[in-house]
Amino acid sequence: MDFNLPADLVAYLDGMDAFIAREIQPLEAADDNMRFFDHRREWARTDWEAGGLPRHEWETLLAEARRRADAAGYLRFGLPREYGGQDGSNLWMAVIREHLAARGLGLHCDLQNEHSIVANNPFVLMFRDFGTPDQQAEFIQGMLGGERRLAFGLTEPEHGSDATHMETTAVRAVRNGVAGWRIDGEKMWTTGMHAATHCLTFARTEGRAGEARGITALLVPAAAPGVKVEEYLWTFNMPTDHPRVSFTDVFVPEAAVLGQPGLGLALAQHFVHENRIRQAASSLGAATYCIEQAVRYARARKPFGEELARNQGIQFPLVELATQAEMLRLLIRKTAWEMDQMPKPEVERRLSDKVSMCNYWANRLVCEAADRAMQVHGGIGYSRHKPFEHIYRHHRRYRITEGAEEIQMRKVAAYLFGYIGPRRKELANL
């Protein structure tokens with residue numbers, strides 16, 4: 001075993017840090033752009049008069065940072081070389097995402113809206129693996145160039161984790177001599193719909209509620225007649241671009257089907273393991289940042305004439321968090337490395353429980369670390385002049401999205417007790 005990071009990965013991190021110092025930090029400092037990151041951040045980012053949507057200036061700044069990262073060769077790192085990427089492995093992506101988040105809040109990485117100079121682009125690979133040639137031609141380059149932006153319509157007002165019970169339906173129809181589908185229903189938390197050109201909408205096209213088969217993914221133009229944003233839901237973490245969207249007598253042609261009819265949930269699951277391991281790495285990085293900031297403050301702060309860090313009431317909670325972070329780092333990197341050793345379908349069969357362990361524990365850890373950092377810092381820690389409240393508010397949602405932690409714990413339990421996974425035969429006859 002060799003637990004050292006490869007020399008070329010270390011060099012890549014150094015080069016990335018140099019790029020941040022050269023290109024991203026000056027942009028962050030220009031034109032009072034610090035208002036998006038200092039104590040004014042929530043006010044500066046949120047258009048309070050427009051339903052709580054992200055301000056145009058905020059999204060423009062993020063777009064410029066991504067443009068610079070793309071020009072420097074960092075943004076598409078995780079994508080295949082055929083799309084301008086570098087075939088970035090799961091291990092490298094995990095290390096990079098942890099590294100960026102551990103730097104703290106800034107224009108290089110602010111996951112409040114999934115922004116990073118090294119992007120995660122699951123839709124690109126989804127179209128590569130499931131799209132028709134025409135869909136690939138339109139959407140892959142369109143998304144990379146910014147001409148196409150997709151929202152994701154899976155969750156519904158009455159159905160979240162129980163996606164197989166969705167009530168949105170699509171039935172075959174013909175309009176103006178064109179064969180296609182009529183869609184009716186509602187979707188919830190349809191993130192990015194305010195700027196999307198299309199919504200990848202999941203609808204039941206056959207079968208019964210609760211069956212995985214019978215759900216189809218359809219590419220619905222955001223401006224199609226019958227598509228309506230009913231409301232933008234204000235959240236713990238503002239600004240918001242998470243609307244409830246209704247679909248009333250919406251028609252799309254047959255060419256709008258992405259993948260095979262009735263097998264749409266395969267698309268929803270296509271990138272879940274890569275998403276979860278990278279999210280876990282980002283949460284670990286943010287947790288490490290909170291722990292380190294708390295340690296440094298405790299050494300510098302001297303109440304009653306003595307360093308705050310001398311108190312075991314300060315030391316022990318941070319010791320526990322630091323211990324968890326060290327153990328989690330090893331599990332994340334080992335799991336990411338193992339993912340790189342097998343085809344994608346094998347990850348679901350052999351490693352899905354480890355990915356879930358990494359994800360739910362990292363998301364829980366960062367919330368605990370941010371909370372502890374607030375406590376160590378006292379009143380200033382609770383204020384918006386420190387980033388801990390922002391980190392907590394953002395990462396708290398990860399315990400619900402991308403598979404609620406209870407759903408992921410259920411996956412771990414199913415592997416542990418042999419109901420699915422490699423231990424199934426071993427434990428079947430006990």
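**Close-up 1. The right-handed crossing of helices α4 and α8 in the predicted model.** In this predicted model, the crossing of α4 and α8 is right-handed. The axes of helix α4, which covers residues 90-102, and helix α8, which covers residues 272-300, come within 7 Å and cross at roughly 30°. Because angles under 35 degrees count as roughly parallel, α4 is described as roughly parallel to α8. On the α4 side the contact is made by N90, M93, A94, R97, E98, A101 and A102, and on the α8 side by E274, I277, R278, A281, S282, L284, G285, A286 and Y289. By class, the residues of this contact between α4 and α8 comprise nine nonpolar, three polar and four charged.

**Close-up 2. The largest cavity and the elements that line it.** A search of the whole structure finds two cavities of 30 Å³ or more, and the largest cavity has a volume of about 140 Å³. Its lining is formed by 14 residues, of which C109, L111, A286, I391 and H395 lie nearest the centre of the cavity. The elements that give two or more residues to this lining are α4, β3 (109-110), α8 and α13 (388-397), and the largest share, four residues, comes from α13. Eight nonpolar, five polar and one charged residues make up the lining of the largest cavity. A286, one of the residues nearest the centre of this cavity, is also one of the α8 residues that make the contact with α4.

**Close-up 3. The second largest cavity and its lining residues.** The second largest cavity holds about 40 Å³ of space and is lined by G78, L79, A119, N120, N121, L125, F271 and R278. When these lining residues are sorted by class, four are nonpolar, three are polar and one is charged. R278, which belongs to this lining, is also among the α8 residues that take part in the contact with α4.

**Close-up 4. The second largest pocket and the contribution of helix α9.** About 470 Å³ of space lies in the second largest pocket, and of the 13 residues that line this pocket, the closest to its centre are D2, F3, R333, K334 and W337. Helix α9, which covers residues 312-340, gives the most to the lining, with six residues. The lining of the second largest pocket divides by class into seven nonpolar, one polar and five charged residues.

Note on methods:
Residues are numbered from 1 along each chain as its sequence is written. This is a predicted model: local features need pLDDT of at least 70, side-chain atom pairs count only at pLDDT 80 or more; totals for chains, interfaces and linings use all residues. Side-chain values use heavy atoms; hydrogens and water are left out. On a 1 Å grid over the protein atoms alone, a cavity is a set of points where a 1.4 Å probe fits but cannot get out, and a pocket is an open set with protein on both sides within 12 Å along at least five of seven lines; lining residues have an atom within 4 Å of a point. Grid points are joined across faces, edges and corners, and a volume is the space filled by probe spheres set on the points. Ala, Val, Leu, Ile, Met, Phe, Trp, Tyr, Cys and Pro count as nonpolar, Asp, Glu, Lys and Arg as charged, and the others, Gly among them, as polar. Axes are lines fitted to C-alpha atoms, for helices over the stretch in contact, and angles run from 0 to 180 degrees between N-to-C directions. Angles under 35 degrees count as roughly parallel, over 145 as roughly antiparallel, 65 to 115 as roughly perpendicular and the rest as oblique. A crossing is left-handed if the near helix is turned anticlockwise from the far one by less than a right angle, and right-handed if clockwise. Contact means heavy atoms within 4.5 Å.
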